[in-house]
Structure formats: structure tokens, C-alpha cells
Amino acid sequence: VTALDRRALGLRLSQLANASVNELARQPVRPPSESAARRVGFTGAPGAGKSTLLGHLALERAARGRLGVLAVDPSSPRSGGAILGDRIRVDELAGNSELYMRSLGSRRTSDGLADNLGEILDAMDDFSFTEVLLETVGVGQVEYAARVQVDTLVLVLMPESGDTVQAMKAGILEMADIFVVNKADLAGAQKMATDIKRVMTLGAHARGDWLPPVLLASARRPESISALSEVIDAHQAWLDDTGARITMHVQRSRYRLRRLLEMRLAESIAREPAAFFDAPLAQQLALMIEQIRMP
Ligand SMILES: Nc1nc2c(ncn2[C@@H]2O[C@H](COP(=O)(O)OP(=O)(O)OP(=O)(O)O)[C@@H](O)[C@H]2O)c(=O)[nH]1
Ligand SMILES: [Mg+2]
């Protein structure tokens, strides 16, 4: 593996964040790959402590190989768009030549970035990342895109915030692989965890299903970060053992095909309906339809 070309990667990600439908359609169709970066997503309400958690996890996991930390449009005025939480010493991470951190915005709304997230994460594979940690905020379109694009989705909740109810309403609860009741040094964390566990065990679970664990975590308790790191590994191992990773790749291909068609259709209707079947989209369709056939 050659040294990370930060300039080239930065340029590529900026291009993809603002890419047109045609530019997105020109990105290659990829078969499942053993060498693809493990993708771990973190979502939750503004201020839930996602960036702080990511920073600590990055410190813990950076030694394993090339690690990317991406944040989609962190727009909270409190954090000022910081990728790492305010308690992380950036210099601890900055010296690591195999660590890459970057926040992503798009010229559209932050929801617009949902269109490009798949291609952005694919680009990380081209730069030989071992793992990518992705932070998204809120419960918009980006959350649904993130669910499809990451292997492991961690939902970060704050105690006594009404986050559980909000997440339930938005359907995020069903999407999460791991629940983190964060800021567990604050009151109400244990009760919240118990409530979530109760909700989770209500649903029917087939043998061999992944039952999402509920963890308490706090930036002030290093052992809680290690525990989360281990659970992420356990979920990744489960994906490999059950073949779920392959199913996931098929779902991603389906999602990409649908998004490209929707975007292109909307564009064509707005301009010139006959242009819908122009290259390069049409050329890609045959390849992509092949890709979504289950092996
Ligand atoms: N008490 C307590 N505060 C925490 C903990 N982790 C983070 N915080 C604080 O919570 C605030 C928000 O932390 P961030 O990590 O920026 O939260 P975020 O979810 O990334 O926020 P946005 O990106 O703005 O949505 C900061 O002031 C942190 O210091 C924790 O474990 N306990
Ligand atoms: Mg943040």
C-alpha cells in the first residue's frame, strides 16, 4: 500500500460531494470486495456527543490501519462543525499519517449529500482505507442513505432528551445495529438503556438474527469506549459469518440504481424528457442490473 495522497483524496471527495447526476453515473460499478473499508456510521441528535465518541474511537482504532473519519455537514452552532469533540486532543491524532479526517458539505442542502454518500465511501476504497467512521446528524434523508451505505450503524442517544421517542417516530430505532446511551455520567442513562432494551426485545427475532446491544458510554469512562469498539467488531464479524455483507452490497447496488434513476428522471422532466436515455447513464444500467441479481 502506497502512502496516502491527501491532496488527491481531498479533491476527489470535494468533486463527489458536489457531483452532478452524470458525474455520479460515471463512477464505476463495483463488485463486493474483501479489501473494501469497513464502514461504521454514527447518527443521533445534534449535541449527542457523536464527534467526541468518534474521536475516542479513532484513537482506539487508528493503529489497525488506514482510518477515515468523515462527518456529513456537522452544522450545530455549538460544535461549530468540529469533526472531533471539544475534549479530544487533535494533536494526538494529527501526527498519524494513516488517519484522515474531513467534514463534507454539498452545495445543495446537507440532505443533498445523501445522493452522493455511496460514491464518496466507494472513493475511500480506492485510497485503501481499512475503516471509515462516518458521522451524520439528525433524522433527514441522510440517515436513510447512511443506513444503506454503512455496514454497522450506531445510534447515539442522550439521556433525558426525548431522543428515544424521536428516533422511534423517525423509524431510526429499527435501523440501528448498536445503541449507545451516551453521556452516561449524566442522570437518567440507565433508565433510558432499560427502556430501549424493552422496546427492542418486543419485536420477534429469528435465531441467528443480530439483536442490537444497548451500551452505556461516556467520554469520561475510557472502558466504555473500548466496550463499544468490541461490539462494533462483533457486529462486523457477524456480517461476515452470516453472509449479510453480501446482501448488503446488493442492497447498496439497488439503492444506487434507484437514486440515479430518480435524480436523472427529475432532471430530464425539468429539461428535456428525451435525454433520459442518454449516455453515460444508459450504459451503466445494463451493468448495474447485472449487479443487483442475488448470487
Ligand atoms: N457530560 C458529558 N458530556 C459530553 C460527553 N461527550 C460529549 N459531551 C459534550 O457534549 C457536547 C457535544 O459533543 P459533540 O461530540 O460535539 O456532539 P455531536 O453529537 O457531535 O454534536 P453535533 O455534531 O453538533 O451534532 C460537547 O460539549 C461535549 O463536551 C459525555 O460523555 N458526557
Ligand atoms: Mg459532531
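At what angle do H3 and helix H9 (residues 222-242) pack? In this predicted model, the angle is about 75 degrees, and the two axes lie 10 Å apart. Angles of 65 to 115 degrees count as roughly perpendicular. H3 and H9 are therefore roughly perpendicular to each other. On the H3 side, the contact is made by Leu 53, His 56, Leu 57, Glu 60 and Arg 61. H9 contributes Ile 225, Ser 226, Leu 228, Ser 229, Ile 232 and Asp 233. The residues of this contact comprise five nonpolar, three polar and three charged.

The magnesium ion (ligand 2) has Ser 51 (OG) and Glu 135 (OE) as its protein donors. Ser 51 belongs to helix H3 (residues 50-61), whereas Glu 135 belongs to strand E4 (residues 131-137). The pair is 84 residues apart and links distant parts of the chain. Residues under 20% relative accessible area count as buried. Ser 51 is buried because its relative accessibility is 11%. Glu 135 is buried too, with a relative accessible area of 4%.

Helix H11 (residues 281-291) shows how buried residues can be arranged around a helix. Its buried residues are Leu 281, Gln 284, Leu 285, Met 288 and Gln 291. Seen down the axis of H11, they fall within an arc of 125 degrees, so they line one face of the helix. Gln 283 and Ala 286 are exposed on the other side of H11. The cover over the buried residues of H11 includes helix H2 (21-25) and helix H10 (244-270).

Conventions:
Residues numbered from 1 in each chain as written. Chains lettered and ligands numbered in written order. Predicted model: local features only at pLDDT ≥ 70, side-chain atom pairs only at ≥ 80, totals over all residues. Heavy atoms only, no water. Donors = N, O, S within 2.8 Å, 3.2 Å for Na, K, Ca; no water. Helix = DSSP H or I, 4+ residues; strand = E, 2+ residues; numbered from the N terminus. Buried < 20%, exposed > 50% of the residue type's maximum accessible area, 1.4 Å probe, protein only. Arc of directions from axis to C-beta. Contact = heavy atoms within 4.5 Å. Axes fitted to C-alpha atoms, helices over the stretch in contact; angles between N-to-C directions. Parallel < 35°, antiparallel > 145°, perpendicular 65-115°, else oblique. Nonpolar A, V, L, I, M, F, W, Y, C, P; charged D, E, K, R; others polar.
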